[in-house]
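Here is a friendly briefing to read alongside the model. Please take a look at the sequence and the structure first.

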Amino acid sequence: MCDENEIKAAFETVLELVKQCNEIVLEGFRSASKQVEVKGKHWDLVTVYDQRVEDILIAGLRQQFPHHKFCAEESAFASGAKLILGPEPTWIIDPIDGTVNFVRGVPFTCISVALAVNHELQIAIIANPTANELFTAIKGQGSFLNGSRIHTRNTKELKDALVGHEFSIGSYKPIRAALFERGQRFIAECVGLRAFGSAALSLAYIASGQIDAYSIQYLKPWDIAAGALLIQEAGGTVISITGGQYDIMKPDIIAASSEPLAQTILNIVRDVDEKLAQIKE
């Protein structure tokens with residue numbers, strides 16, 4: 001499959017490609033005349049820069065590792081193919097996460113790339129060139145921000161936690177009531193809520209100790225794959241939003257700086273969901 005040497009070579013290759021793509025993201029971020037298209041729902045935007053970044057990443061990786069497979073946002077949307085993760089080395093790519101921020105010039109947008117081998121994440125890179133942030137991780141070797149080792153805050157109680165909570169996902173009606181009710185429960189106890197408009201960056205900020213928890217549903221693998229490994233390598237916890245081990249390909253997750261905090265968030269999610277289910281009955 002992928003031995004240690006290939007993992008190292010893959011990391012070095014993708015790191016250089018991401019740095020190359022950072023310049024494309026900055027070019028687009030600074031442009032006042034970006035051409036924007038809607039992929040499906042009104043909030044799901046795409047630009048030519050998304051495709052340029054994805055094309056460079058895939059072409060560069062495929063040249064060096066022709067046996068590797070790809071699960072990438074724009075390619076997946078264009079093909080309409082069902083997303084499947086096999087045992088083969090597979091790159092999970094979001095060329096620009098936080099596209100609405102990117103279009104509007106809000107500096108919370110990033111490239112997110114992960115490598116999974118035999119269904120386990122091995123490499124993670126999240127790059128936000130607008131803020132000069134480069135998060136990296138290799139499984140078993142820790143997480144880093146711009147080359148310096150990072151750790152979660154290990155916050156254990158909600159009263160001490162700064163919680164990421166993406167209200168904008170409420171544009172999707174099936175999650176709206178639960179999302180708002182969970183937010184009310186969180187804010188009644190936590191230090192505060194933050195919404196960055198990028199799932200990948202929100203997860204990276206847990207890894208670096210800037211926020212402490214984040215729960216999210218109805219996203220895609222490329223939204224959470226890299227961030228999940230960063231958190232785990234920084235000492236945090238990532239679980240399924242229903243409890244237990246999370247599934248890379250069904251990224252409904254709770255991420256937290258510690259296991260006790262993840263359990264507290266899980267208990268709130270369960271309680272809210274149970275009460276809303278009773279109301280529907």
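Glu73 lies in helix 3 (residues 73-79); helices (H or I, at least four residues) and strands (E, at least two) are DSSP runs, numbered from the N terminus. The model is predicted, so local features need pLDDT of at least 70, side-chain atom pairs count only at pLDDT 80 or more, and totals for chains, interfaces and linings use all residues. Residues are numbered from 1 along each chain as its sequence is written, and side-chain values use heavy atoms, without hydrogens and water.

**Annotated site**
- Glu73 is one of the residues that UniProt, in an unreviewed entry, annotates as "binding site", together with Asp94, Ile96, Asp97 and Asp223; such annotations may be inferred rather than shown by experiment.
- These residues spread over 151 residues of sequence, yet they cluster in space, with a largest C-alpha distance of 9.8 Å.
- Glu73 is buried, with a relative accessible area of 13% (buried means under 20%, with a 1.4 Å probe and protein chains only).
- Asp97, found in strand 4 (residues 90-97), is buried as well, at 7%.
- Beyond its neighbours within four places in sequence, Asp97 is in contact (heavy atoms within 4.5 Å) with residues including Phe108, Ser198 and Asp223.

- Seven strands form an open sheet in the order 3-4-5-6-7-8-9, with mixed pairing (two strands pair if DSSP finds at least two bridges between them).
- Strand 3 (69-72) and strand 9 (148-150) are at the edges with a single partner strand each, so one side of each has no neighbour in the sheet.
- Strand 5 (residues 110-117) and strand 6 (residues 120-128) run antiparallel, joined by seven bridges.
- Leu115 has Ile123 in strand 6 as its bridge partner.

Definitions and conventions
Buried means under 20% relative accessible area, exposed over 50%, partly exposed in between (1.4 Å probe, protein chains only).
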